[in-house]
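Me: Here is a structure I would like to go through. Can we take it step by step?
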Amino acid sequence: MASIVDESVTSDSANLEARSRFREAAGLVAKIVKFHPRLFVTAVAGAALFAVCTVASSIGLRWMIDKVILVRFNENRSDAGALVIGSVIIIGIGLLRAFGVVIRRSYAGKTEWRTAATLTDRVLDHVVAQPVKWHRSRMTGDVVARCGIDSDASVAILAPLPYSSSVLVMMLVSAAWMLYVDIPLGIVAVCVFPILLSLNIGYQRRIDRYYNQAQKELGTLSEAVHESFDGVMVVKSFGAEQRETDRLAVITGRLRDARIDAVAIRSMFEAMLDAIPTLINIALIVLGALRVRSGQMTVGELSSFIYLFTLLMFPLRIIGYLFSEIPYSVAGWRRIDEVLSETIIADPMRKITTSPRGVGIQVENLSYSHNPDTTLIDGLSLKIDKGKTVALVGATGCGKTTLLHLMAGLIEPCGGSISVGDGGVALVFQEAFLFADTLGYNITLGSEISAEHIEEAIDVAQCREFVGALEGGLDTTMGERGVSLSGGQRQRVALARAIAHNRALLLLDDTTSALDPTTEAKVLNNLRLLAGRQTVLIVASRPSTIALADEVLFMADYRIADRGTHKELLSRSARYQALIRAFEDDRQNR
Amino acid sequence: MNEPVGRFTTAKTINRGFGVAPALSKGIGVTFVLAVVGSLARVVIPVTIQQTIDKGLQPDDIRIGFIVQMAAVAAVCVVVASLALRQAVYRLGVGAENGLYTMRVKLFEHIHRLSLADHNEERRGALVSRVTSDIETLTMFFSWGALVWLLDGSLMFVVACVMISYDWILALVAFAVSAPLYFVLRNLQRRLVAAYDVAREKNAELLGTVSELVSGTETLRAYQAQTPMLRKSKQAVRKRADAQIRAGVIGAFLFPSGEVFAVFTIVAIICVGVFRGVDSGLTAGSMVGFVFLTYRFLEPIAEFTEVVDQTQTAVAGLRRVLGVLDTPVGPPQAPNPVALPSRDLNIELKDVSFSYSSRLDTQDDDLPVLRRINLEIPARQHVALVGESGSGKTTLARLIARLADPTIGSVFLGGVNLKRVANDELRRRLVVVPQEPFLFAESIAHNLLFAAPNAEREDLEKVIMNLELTDWVQSLPEGLETQVGQRGASLSAGERQLVALARAALTNPDVLILDEATSAVDAIAEVRLAKALQALSVGRTTISIAHRLSTATRADRVIVLERGLVTEDGTHDDLIARGGEYAKIYAQWLSATSVQN
């Protein structure tokens, strides 16, 4: 409740902010209305038809009261012709009005969702065009939100526009109409519009503040709940179930209190917004009776006047609510605009050239850094002959993964050149990423790959035993809605993907460490059978894996420190020995 | 915890919801009466018009005095009704908020007490949605849908009463002509709900596809395979838009149906009224009043059509919430707990079998995780559990920690059946250090205090010292006050384990169950961990799930599990000498980590 008190202090800046927000909202509307102008114009036309018919419907009523009802009950005469005409007017206008509503609502929906689709498409194009560097500087959830929730939020501003325009038309037409029917009564009624409107908008603004507060508490609660449930094992281990419940209950209590504050205000305003127009209406009846007495108005005119006024109250009542979405729309649009106005970073892949025959990969004078101040990789050169299997060995954080990602064209070097054999690169990441699609799609990723190649890849990657057990075979859906695979199985599917793509250079980033040593040995032996076709560079930490390679590249501090067979390196490099010993420390020291 | 959609009818679901959160329905009768009084404000205008025309504006006799008097009465009615309305809205809102608060808190506790089997990765998100978005659907419902049902429902009731009191024949005409609207609404409504279901489904598909496109971006780029996935996403975008538009168009036809019927009803009333004439007792005023009332009567229809979908969403949300509350909690609390002996807690497993499907099938493909295990672990012995993944060693450790109960057989701690030990005491005496210890996004001290909220600063420091971690803590930017970040992300994997060990040490447990980390940590942390572990396990019964065989070599006793059975049990040297499975695994491991291959 405290925020009501400080309202006067901040109202100036709030007004200023509201005005600039309004300008921003108008800019947003101007921009996105252009995506599907025809749909929008149709919706507004429907809205206008609805508005005019709403005002016109009072004509039918007036006709019926003056020419049929009063004639029949006060003068006891029947006028069948007037009854028919009145009926036709009422039904005709009623149907037209409904038609207007149907057009307005369906086209407002079309405008909104088609625009959302257009926006999402554009954001997707941008997101997909941005290379890995861009993605790494962002949270996945944030980018997904910009593609989905934010575009929905931006277009939410469009939904109420046709209806709002009809409210505007209705107010103008009915104001003219009321003034035409009776000037003094018309003036009173027309003065009511702005009063109710500002009351409404003021209420909306105030209640929004409480809703925002509640929304903030909800965010806190959601975060706390996530954490608490994630930590369920710890909670159970220490018997802290009750304590955690109490902690979450405190946050829930704050959410409840914020909402109850909102209910208190809302219930009051709901009642006021109900009472004030009705009281004015009563006053209009009294005033109208005076006009009827002085002969300046008929009973039918007065009744239709009151009817029209009643009819107008509903739109006036919800108009504030209609615009309550604006801040969300503007915020959503800002986030989308951020993505759309960013320049697209050049694809690092373009720098990778084709190496001469017989060379698997050649790196010359390569340099790389995350930021301008430091150079991580500086002047690194290496060359691997086609068809060789080479192990890349080094301590954690020495730059193995970075080097692999540079070779795969995922990130861009600052200088130097990389060339790979004709046919490109396939990289298998440390952690396999599988799509919630079929097994087949996970292997081909939508490329045309012959069934023969796929089957071969499945065999080479040692996937046969579990793929054979899948009833749907390659058409089996993976992931949440389908079969869930173990970590090692996922790695093997990722490996099958790389093998099926049949690229000249195969990069394995510690891929096989998730497999048990026996399976790993089988996979690596299978790979060697393909060695004539593919050059393999494998990041390895198990001595048994390293021993399977033709040659070892020993990496330390972002440089190739040494190169040779496993035995050669062991005998001549103290650092290499120390590293390998660290790998087996496990066995000796613990 | 499967979602029991359709298991209960809507009415039964709502009733059970009231049972869970009594505040939702408490005093609902009074609220309804207030709402009925509140809706009187909306019939004031038709009645005033009728009275004005009939009694104030007779062609030959215009009585302004009467009109003013009547207007004053009407104004008072409006004010009273509005106050009642205010009260009704407030009571409904406060009742809802209190009720939903209770429901949330009940959910928190219930979910925390669910067994670990109900807490796996896939279900975690669902559980979070139960207390967040599902309860939110109810909040949304109570802040709009419920209001509409309550206020518009009582409005229709009041208007119908006023109509009948004016003239029952005209009222019947009004009801008869507008009756077919019910069938139109029901038909369109059914389609609308189906269309919304499709829209929701397409929306989920869109979000799923887009989130894969984004999170799989490195993979897609590594294979230059963005285009097919982008095409798939855009298809999902279009399908979602189509589904939303379809629902919108059905809604567009549904929305004005009430007004269309109102028009026909009004014409019918006027025709019947005019036909019957003055002799029937009808007056011009009551005719006009009837026309106004007809609009009032059918006006709520449009709003009803808007909230039906929301109502169904809310009921579905409630159903899911009840589904969680119906899921039995993990090991139940001991009703009459027996105290544990003060020292020397030995562990005994008698004929223990465990199956996740809660029944022991004999079929080969659904083998129990553990089968007829009999074990005795004396106090202060250090035991290493060895076996391939899936052999049952984690489950065995969980049964000893009573994170689950055996399907058959019993586990005894210090001679007392675990089922009869109070949870609080058990958690003080026995601590589990999981593979990936979880840390809250707070300071290290806060995370330590989680184990023992009443511990003093000195206790923390003593534990840190005993575990030889003082120099590590001092090396941190803010010592014990260092923030660990989300799930402890600012610390390395090894450091997170150090915190977990210190946390365990703080409770000074008699039994320590340790699930070793599989992921390698850097060499310095490794040494620290080994030392801390050594210090921690002195004088305690320690059961390690060994992923490194080096742990087994140091244990007093090695227990080998294979497909749910204890196949070997003895010291490291014994088992090596025996030349069985353990000796084989050990030899394999030796060769995999050997320098010379």
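Me: How many residues of chain A are in contact with chain B?
Reply: This is a predicted model. A contact here needs C-beta atoms within 7 Å. On the chain B side, 125 residues take part. On the chain A side, the count is 121 residues.

Me: Which helix gives the largest share of the side of chain A that touches chain B?
Reply: The residues on that side of chain A divide into 67 nonpolar, 29 polar and 25 charged. The largest share from one element is 29 residues. They come from residues 241–293 of chain A, which form helix H11.

Me: What span does H11(A) reach from its first C-alpha to its last?
Reply: H11(A) has 53 residues. At 1.5 Å a residue, 78 Å is expected. The model comes close to that, with 76 Å.

Me: Which residue with a positive phi follows H11(A)?
Reply: Its phi is near 75°. The residue is A:Gly295.

Me: What distance separates the centres of the two domains of chain A?
Reply: Domain 1 covers 2–341 and domain 2 covers 348–589. Their centres are taken over C-alpha atoms. The separation is 57 Å.

Conventions
Residues numbered from 1 in each chain as written. Chains lettered and ligands numbered in written order. Predicted model: local features only at pLDDT ≥ 70, side-chain atom pairs only at ≥ 80, totals over all residues. Contact = placed C-beta atoms within 7 Å. Helix = DSSP H or I, 4+ residues; strand = E, 2+ residues; numbered from the N terminus. Nonpolar A, V, L, I, M, F, W, Y, C, P; charged D, E, K, R; others polar. Domains from an automatic or database assignment. Expected span 1.5 Å × (residues − 1).
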